[in-house]
Amino acid sequence: MSKEKFTSISLHHEMQRSYLEYAMSVIVGRALPDAKDGLKPVQRRILFAMHELGLTPDRPFRKCARVVGDVLGKYHPHGDQAVYDALVRLVQDFSTKHPTLDGHGNFGSIDDDPPAAMRYTETKLAPIAHEALLQEIESETVSFSENFDGSQKEPDVLPAQLPFLILNGSSGIAVGMATNIPPHNLGEVIDALIALIKNNQLSDEQINKIILGPDFPTGGEIISGEGIKDLYFKGRGSITIRGIIKFEEINLGKGKHKKNALIITELPYQISKSGWIEKLAELVNNNKINGISDIRDESDRDGMRIIIELKRDFNQEIVISELYKKTTLQNNFGGIFLAIVNGKPIQLSLREYLKHFLDFREETIIKRTKYFLNLASEKLEVLEGFSKAIKDIKNIIEI
């Protein structure tokens, strides 16, 4: 080949250009959620593909393998396991405050048990996703783009009627940045939005009086402090969460002495129950935590119940203090309110995010109203034609 067909480029510049392209692809197209609907691209594609399959809450469940196949073939040309993992998280009620999918089968557990293979599990849209994410999609409310091979159209965002970014939270690691948004209480968030509509000059402090803090699906109690204010006012902060401990006297059987025990009914968010028990047993065996004679897991479908039997005459407050200090029964959640706003990753305060959502909602309602107005105008034109025809019906019959 002749040398004229080659162009000399600097390795430094080429690496810089390629890495920047890769970074932007991960940031915008994979790891970070959009501020409008609170979804990452893979989650949006799963919900839209299921909407197209007609998997509404009133229809039967469909195999997850079918859904994953549709998502891969039409919108998301990546690994099938990556899509299935994202689908599983949308079903798990211990990962998500308001699951957007209903599941039938084994979708894993808080003990870190893996979900069953996609050929065994079944799913369909949950009512909240069907009504609050997809209901208005046929009303020309959002823009559509071509998929990876130009054969289909997919929505750029879903017409969310609720601020799912903070309702369900989100976590993702991109290149040089990350997001970690905790879930929140639906009632508090709606009250804050209504207050902001009535008075758009509402301050961060006033919003914080309505939205008091995150609301984790696994429960636990939040140690209130500056961490929540930092997260809500600046978009970044650390929140301390504790598991819930109750004190009980348990009867071990006829003729046996009653024993003092600590009962744990809630663990901090994203802590594996079996992993925590294993770690505690290891600390007790190595004499790093004293005063514990037995640990049992009596959790069932009614809820979590971890029993920690105490040695006789041992101070329970010392054991509780050791549990908080040496295990993840007290844990920090590092929150970062980072989301895609108009194609750019931006760290938002809580107030800024709520305002962005209200602007998006207003825009969506205007588009929806225009769509229905156009439908009504077209129907009116036809009806006016019929009206004129009826007035001169004899001529029309002759013609």
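Trainee: What makes Arg305 and Glu248 a salt bridge?

Mentor: Their closest N and O atoms are 3.3 Å apart. A salt bridge needs a side-chain nitrogen of Lys or Arg within 4 Å of a carboxyl oxygen of Asp or Glu, so the pair qualifies. Keep in mind that this is a predicted model, where local features need pLDDT of at least 70 and side-chain atom pairs count only at pLDDT 80 or more, while totals for chains, interfaces and linings use all residues. Residues are numbered from 1 along each chain as its sequence is written, and side-chain values use heavy atoms, with hydrogens and water left out.

Trainee: Where in the chain do Arg305 and Glu248 sit?

Mentor: Arg305 is in the loop between strand 12 (292–297) and strand 13 (306–310), and Glu248 is in strand 10 (residues 244–250). They are 57 residues apart, so the pair links distant parts of the chain. Helices (H or I, at least four residues) and strands (E, at least two) are DSSP runs, numbered from the N terminus.

Trainee: Why is Arg305 called partly exposed?

Mentor: Its relative accessibility is 26%. Buried means under 20% relative accessible area and exposed over 50%, with partly exposed in between (1.4 Å probe, protein chains only). Glu248, at 28%, gets the label partly exposed too.

Trainee: Which salt-bridge partners does Arg296 have?

Mentor: One is Asp294, at 3.3 Å from N to O. Another is Glu309, with the closest N and O atoms 2.4 Å apart. Glu309 belongs to strand 13 and Arg296 to strand 12, 13 residues apart.

Trainee: Is Glu309 buried or exposed?

Mentor: Buried, because its relative accessibility is 5%. Arg296 has 25% and is partly exposed, as is Asp294 at 30%. Over the whole structure, the search finds 21 salt bridges.

Trainee: Okay, rings. Why is the pair of Tyr19 and Tyr22 called tilted?

Mentor: The centres are 5.8 Å apart and the planes make 50°. Rings of Phe, Tyr and Trp (its six-membered ring) pair if their centres lie within 6.5 Å; planes under 30 degrees apart count as stacked, over 60 as edge-to-face and the rest as tilted. So 50° lands in the tilted class. Both residues lie in helix 1 (residues 11–31), three residues apart, about one turn of the helix. The whole structure has eight aromatic pairs, and ring pairs link Phe48, Tyr75 and Phe144 into a cluster.

Trainee: How do you know that the charged end of Lys124 sits over the ring of Phe61?

Mentor: The distance to the ring centre is 4.6 Å. The rule asks for NZ of Lys or CZ of Arg within 6 Å of the ring centre and within 35 degrees of the ring normal. Arg242 sits over the ring of Tyr324 as well, 4.1 Å from its centre.

Trainee: Last one: what makes strand 1 and strand 3 a pair?

Mentor: Two strands pair if DSSP finds at least two bridges between them. Strand 1 and strand 3 (residues 122–125) have two, in the antiparallel sense, so they meet the cut-off. Arg62 stands opposite Thr123 in strand 3. The open sheet has three strands in the order 1-3-2, with antiparallel pairing. Strand 1 (62–63) and strand 2 (101–104) are at the edges, each with a single partner strand, so one side of each has no neighbour in the sheet.
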